[in-house]
Amino acid sequence: MRWLPENRKRTRNSARRAVVLALLTSAVVTAGCSRGPETPGVCEIAAQSGAVANGDSILLGSIGDASNLIPMRAGDSASHEVAGRIFDGMLAYDRDLGGLEPRLAERWEVSEDGREITFYLRKDVRWQDGEPFTARDVEFGFKTITDPATLTAYAEDYLQVSRFEVIDDHTFRVSYDKPYAPALATWGSMVVLPRHLLEGQNINEATEFARNPVGLGAYKFESWGTKRQITVLANDDYYRGRPHIDRVVTRILPDQQTQFLELKSGGLDMMGLTPLQFTRQTEAADFTRNIRKFNYLGNGYTYLGYNLLREPFTDVRVRRALSHAIDKNEIVSAVLLGRGQPAVSPYKPGTRWFNDRVNDPQYDPEKARALLAEAGWTDSDGDGILDKDGKPFRFEIITNNGNEQRAKTATIIQRRLREIGIAVEVRTIEWAAFINDFVDKKNFDAVVLGWSLDPDPDQYIIWHSSKTEPKQFNFISFDNAEVDALLEAGRRTFDADERKKAYDRFQEILVEEQPYTFLYYPESLPALHCRFRGIEPAAAGIAYNFKDWYVPQSLQKYAMTASP
């Protein structure tokens, strides 16, 4: 799961990782993408022909700056987005998110009992400084991420390995004492590090490499202007073939409105639109002749999470009451303008793992009042605010600044809770401080955030009670023995039907306990300048085949000699 200014995301299989686990077979819905011109005159230059060509730059926007470009050390999406272009893994999800395909490993073999995987590495891969890539680099990364001294939230997957063997320079084998369903997909880019550059260093203090990394990916690091922009250049020697776009520039811009203005003026080539921008602010001819829009249900959700170490959120009746007091349909309509669905659980509707039988608390203010009264919250002094033992029911919702949807969502929740006698303050906080000083330190009452999830259903590092320490992903401190057992059972069998049973019950408990109020599954709404070609919308998103995007020579905007 990356910590994204838009979503805190689980990622595991590319450098997008934040908790991502994948089963050897998983059924996922194919996203429906808008493929292009919706009305006459949209994307006028798209009609111009042009052969595949190398060249040009693409300018992207990010609300937050990266923190660290070593994948196993980074927890935020801004870092993983850049690192994902610089580093590669053994394998990656395919375009439909239904299987895995080769990357650094040209093939692999899984033993009949699923407890042993042998990887056969490509022999034509070199680090971006020219040194050959070998199985010793993977071994070095594995030892680093499993070292207790390494500050990382991603060790869990690799601690499941009972034995790591280097067979030769291009072959290694991993063994597991117990079945581990997500095993294969864990071998993405998280553990691939250049031993020749980092051996003997403390990975927690490798600040030079963290800001100037050397990887194996399609792009090489060029420059990083703190809180300004990060630039990577096409890797001419990339083993899968040089990407067509010469330069990728990630500009750090404070909010989505600023990004939108830059997109319209040409200062950005691509961004994720807000529902308001997508629906009402992108219809003018001067916009549509140059910009193409896409829309599809994303692989994530937004939620209101409660600090379960603080009163009154320790009482399940209070949490259920809060969920009954929030009108999710209102939020989808008012905030998303219908570009999404009310959320029920941490699984995407339409996928194999979604339990469509769970009874999510419906909007019912009277039910909310009754539950609060049962929990001892009444308005004893007639001031309109509920109180208990002389303390008024007041709390604060925090979210990151720069995300208009989350701020609006929190404001609607504030109003609905005020109607049942609860006083809520809403505060937005700069992204880095939001994560480092509030979320990671559990210094909050409630938080509006989001997770963006990969296909595998394993949610161990978000919900297991062992993952509640600072800088772990179970930052709300959820602790349920049955959930722990179900999460363990779900990852210890390769039988998809048995996994389904475990995760169905897991969802039922989450709905009963309401540690989160699951709010909505938003649509992804990317916008992209029309000069870019080769886009193939897929379940994995429009950037799945980014390496193959190109700009015809006649439409190229930036020369390689001049950085945008």
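Which residues point one way from β15, and which the other way? Select strand β15, residues 300–306; G300, T302, L304 and Y306 point one way, Y301, Y303 and G305 point the other way, and all are buried (under 20% relative accessible area, with a 1.4 Å probe and protein chains only). Seven of the seven residues of β15 are buried, so the strand is largely enclosed by the rest of the structure. Strands are DSSP runs of E with at least two residues, helices are runs of H or I with at least four, and both are numbered from the N terminus.

The model is predicted: local features need pLDDT of at least 70, side-chain atom pairs count only at pLDDT 80 or more, and totals for chains, interfaces and linings use all residues. Residues are numbered from 1 along each chain as its sequence is written, and side-chain values use heavy atoms, with hydrogens and water left out.

Centre the view on T302: it stands opposite G450 in β21 and opposite Y520 in β22.

Now select helices α9 (residues 316–325) and α11 (residues 365–374), whose axes come within 8 Å and cross at roughly 165 degrees. Axes are lines fitted to C-alpha atoms over the stretch in contact, with angles from 0 to 180 degrees between N-to-C directions. The two helices are therefore roughly antiparallel to each other (over 145 degrees).

Notes:
Parallel < 35°, antiparallel > 145°, perpendicular 65-115°, else oblique. Buried < 20%, exposed > 50% of the residue type's maximum accessible area, 1.4 Å probe, protein only. Pairing = 2+ DSSP bridges.
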